[in-house]
Amino acid sequence: MSRTIATIAQLTTRIGGLVMLILGLSFWTGHLASLVPLHRILGFVLVIALWTLATIALRAGAPTGQVILAFAWGFVAPALGLTQDAILVGGLHWVVQV
């Protein structure tokens with residue numbers, strides 16, 4: 001059962017991550033801005049899949065440091081994504097965009 005869940009979570013992270021990158025690049029180049037809500041939803045789905053994989057990895061005996069890093073990244077990525085419009089507002093905002 002956990003092998004099936006792990007496979008689904010892996011596919012979700014791989015496909016979702018690719019879609020997130022494509023959408024992020026399109027936003028960065030000034031296109032598809034109407035899909036930002038979809039990008040946010042996919043981001044949260046991606047985090048849930050990451051945490052699922054981290055939990056399965058922990059149970060399988062993966063190094064604890066890597067599991068902690070995965071869980072931490074699951075908090076950092078959405079926090080950064082949801083607040084990036086307010087970081088370095090003005091002439092330096094290009095640093096956040098890059």
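These are my notes on a predicted model of a protein.

**Ground rules.** I number residues from 1 along each chain as its sequence is written. Because the model is predicted, local features need pLDDT of at least 70 and side-chain atom pairs count only at pLDDT 80 or more, while totals for chains, interfaces and linings use all residues; side-chain values use heavy atoms, without hydrogens and water.

**Fold.** I looked up the secondary structure and found four helices and zero strands. I took helices (H or I, at least four residues) and strands (E, at least two) as DSSP runs, numbered from the N terminus. The order from the N terminus is α-α-α-α.

**Dimensions and contacts.** I boxed the C-alpha atoms along the principal axes and got roughly 50 × 25 × 15 Å. Of the contacts (heavy atoms within 4.5 Å) with a separation of 6 or more, 45% join residues 24 or more positions apart.

**Surface.** The accessible surface is about 7,100 Å², and carbon and sulfur atoms hold 73% of that. Areas come from the Shrake-Rupley method with a 1.4 Å probe; for residues, only the protein chains shown count as cover. Of the 98 residues, 17% are buried. Buried means under 20% relative accessible area, exposed over 50%, partly exposed in between.

**Nonpolar patch.** I found Leu25, Trp28, Leu88, Leu92, Trp94, Val95 and Val98 forming a nonpolar patch on the surface, together about 770 Å² of accessible area. Helix H1 (2-28) and helix H4 (93-97) each give two or more residues to this patch. Patch members have over 30% relative accessible area and no salt bridge, and nonpolar side chains (Val, Leu, Ile, Met, Phe, Trp, Tyr) are joined within 5 Å. A salt bridge is a side-chain nitrogen of Lys or Arg within 4 Å of a carboxyl oxygen of Asp or Glu.

**Trp28.** Is Trp28 buried or exposed? I logged Trp28, in helix H1, as exposed because its relative accessible area is 51%.

Notes
Patch = residues over 30% accessible without salt bridge, like charges linked within 9 Å, V, L, I, M, F, W, Y side chains within 5 Å. Buried < 20%, exposed > 50% of the residue type's maximum accessible area, 1.4 Å probe, protein only.
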